Amino acid sequence: RIFMFFLIGPETISSSDDVGYLAGGLFFAETGMITVWEQVPTALIMPGMPLVTGLMALLFGESLAYLVSLKILWILMGCLTPWFVYKSVSLFVPRWYGILAAACFLLPNFAWMDNIILTETPYLLFSTMTLYYTFQMGESPDRKYLWGYALSFLLALFFRANILVMPLFTWAYLLLKRKYGWKELLRRLVVLAAVSLILLLPWTIRNAIRFDAFIPVSYGTYHPTMLGTYQGYGFPSDEELDYATHVEQAVREVYPQYFGEDGSLRDPLQDQYITHLKHKLKLEYRLEQWWQKDPVSLLVSFLVIKPRTLLNWPWYWGPGADALLPLYEVFGKINFFLCAGTVLLSLVRRRKREICLFLTGYYFLNIYIIAMSYAIERYAALHMVTRYMLASIGLYLAVETVKALKARRSGKLS
């Protein structure tokens with residue numbers, strides 16, 4: 001990661017969402033307002049990025065040190081992620097297989113990602129920590145793992161709302177492990193819900209005051225999900241749709257509380273929020289028209305084509321991408337077949353079934369969630385960590401299977 005830092009230079013950014021995050025941090029340091037892209041209050045993102053970038057902006061101001069300090073922090077977080085991958089895998093198989101899973105983070109794409117100020121690095125760390133504490137709770141009823149889970153879950157949530165599906169899998173996993181009764185599971189769920197409520201309540205109240213709406217996390221899903229209606233095949237073209245009536249006019253009819261009698265905004269600071277309400281209406285309109293035009297293409301696009309493209313689509317915009325991306329795609333395909341073999345071996349040999357089913361189910365649910373929105377490699381790359389864990393466990397099962405077959409053959413010969 002340090003090598004990548006010097007290779008691309010300290011001032012390098014991806015010219016993607018990091019532009020908005022960096023500007024939002026400077027504006028937060030100046031005004032205390034959470035913003036992104038525009039200098040208006042937002043709930044387009046979770047508050048984690050403005051708070052972290054804003055703290056660094058308070059310390060270093062608008063200087064190169066501001067960007068460098070964030071990159072150092074991102075590099076540190078990026079180096080912690082493989083540690084929790086190693087610790088997670090080592091709970092179930094010998095530590096050498098954990099080292100193998102963690103070694104995947106030596107790939108240049110992860111070193112590059114940890115030098116770019118996007119939500120991927122902190123979210124990957126805290127979601128991996130949440131996985132680790134899930135597995136620890138399955139091995140031991142010690143309450144410290146519950147509090148570790150709650151903390152890592154909330155830290156992940158402060159950067160991305162995707163983590164909200166994790167508790168469903170955590171409690172299903174704990175049920176499979178059969179170490180807890182229903183009362184203890186319910187008690188732990190209440191603790192997590194209470195802590196989440198306490199920390200999210202100020203954010204929800206702030207959003208209600210700013211936007212006159214119930215927004216417990218963010219409204220940032222409307223735009224990418226709308227973009228996702230241009231993926232697949234058979235979707236309606238812009239030329240055949242009437243956006244003037246069903247979006248521009250409809251937003252004033254559906255949400256009249258935000259507009260004056262002359263059609264102008266009552267509060268100009270709500271402009272970004274209204275834009276995303278338009279994205280919501282456009283999304284609903286496009287899906288409705290698509291369904292009426294060709295329901296089969298809609299279903300195939302969302303349930304087959306978009307999820308399939310996400311499976312081995314690598315994310316890397318760094319140096320040498322043209323040469324490395326084909327190699328990453330091959331690596332992804334090999335990994336995918338290893339994961340499929342892992343699940344099969346775990347079911348046939350009845351070993352490590354809980355962990356294998358958990359990782360598989362969690363991975364595919366997240367892939368389908370992304371496919372229901374905007375299917376791009378950047379969003380899918382975060383969930384490769386579950387495949388690295390699964391493949392490493394599969395290699396262990398394969399080695400043990402070979403040993404068992406050899407032992408059986410030796411026994412027959414003797």
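Me: What covers the buried residues of helix 8?

Reply: The cover includes helix 7 (120-139), helix 9 (166-177) and helix 10 (182-211). Helices here are DSSP runs of H or I with at least four residues, numbered from the N terminus (strands are E, at least two). This is a predicted model: local features need pLDDT of at least 70, side-chain atom pairs count only at pLDDT 80 or more, and totals for chains, interfaces and linings use all residues. Residues are numbered from 1 along each chain as its sequence is written, and side-chain values use heavy atoms, with hydrogens and water left out.

Me: Which residues of helix 8 are buried?

Reply: An α-helix has 3.6 residues a turn, so residues three or four places apart point the same way. Buried means under 20% relative accessible area, exposed over 50%, and partly exposed in between, with a 1.4 Å probe and protein chains only. In helix 8 the buried residues are Tyr145, Leu146, Gly148, Tyr149, Ala150, Ser152, Phe153, Leu154, Ala156 and Leu157.

Me: What span should helix 8 have, and what caps its N-terminal end?

Reply: The expected span is 1.5 Å times one less than the number of residues. Helix 8 has 15 residues (143-157), so it should span 21 Å, and its end C-alpha atoms are 21 Å apart, which agrees. The N-terminal cap is Asp142, with a side-chain oxygen 3.0 Å from the backbone nitrogen of Lys144.

Me: How many cavities of 30 Å³ or more does the structure hold?

Reply: Rolling a probe the size of a water molecule over the atoms shows where empty space is left. On a 1 Å grid over the protein atoms alone, a cavity is a set of points where a 1.4 Å probe fits but cannot get out; a pocket is an open set with protein on both sides within 12 Å along at least five of seven lines; lining residues have an atom within 4 Å of a point. Grid points are joined across faces, edges and corners, and a volume is the space filled by probe spheres set on the points. There are three such cavities of 30 Å³ or more.

Me: Which residues lie nearest the centre of the largest cavity?

Reply: Trp313, Pro314, Trp315, Met384 and Tyr388 do, out of 18 lining residues. The largest cavity holds about 200 Å³ of space. Helix 15 (321-349) gives the most to its lining, four residues. By class, the lining has 14 nonpolar residues, three polar and one charged. Here Ala, Val, Leu, Ile, Met, Phe, Trp, Tyr, Cys and Pro count as nonpolar, Asp, Glu, Lys and Arg as charged, and the others, Gly among them, as polar.

Me: What volume has the second largest cavity, and which helix gives the most to its lining?

Reply: The volume is about 50 Å³. Helix 7 gives the most, with four residues. The lining includes Tyr123, Leu124, Tyr362 and His383, and no charged residues are in it.

Me: How many residues line the largest pocket?

Reply: The lining has 35 residues, with Leu44, Gly220, Thr221, Pro224 and Tyr379 nearest the centre. The volume of the largest pocket is about 950 Å³. Helix 11 supplies the largest share of the lining, four residues. The lining divides into 18 nonpolar, 14 polar and three charged residues.

Me: Where is Ser15, and is Ser15 buried or exposed?

Reply: Ser15 sits in the loop between helix 1 (2-8) and helix 2. Ser15 is exposed, with a relative accessible area of 59%. Its phi is near 55°, a positive value in a residue other than glycine.

Definitions and conventions
Contact = heavy atoms within 4.5 Å. Polar contact = N/O pair within 3.5 Å; in protein donor to acceptor, adjacent residues only side chain to side chain.
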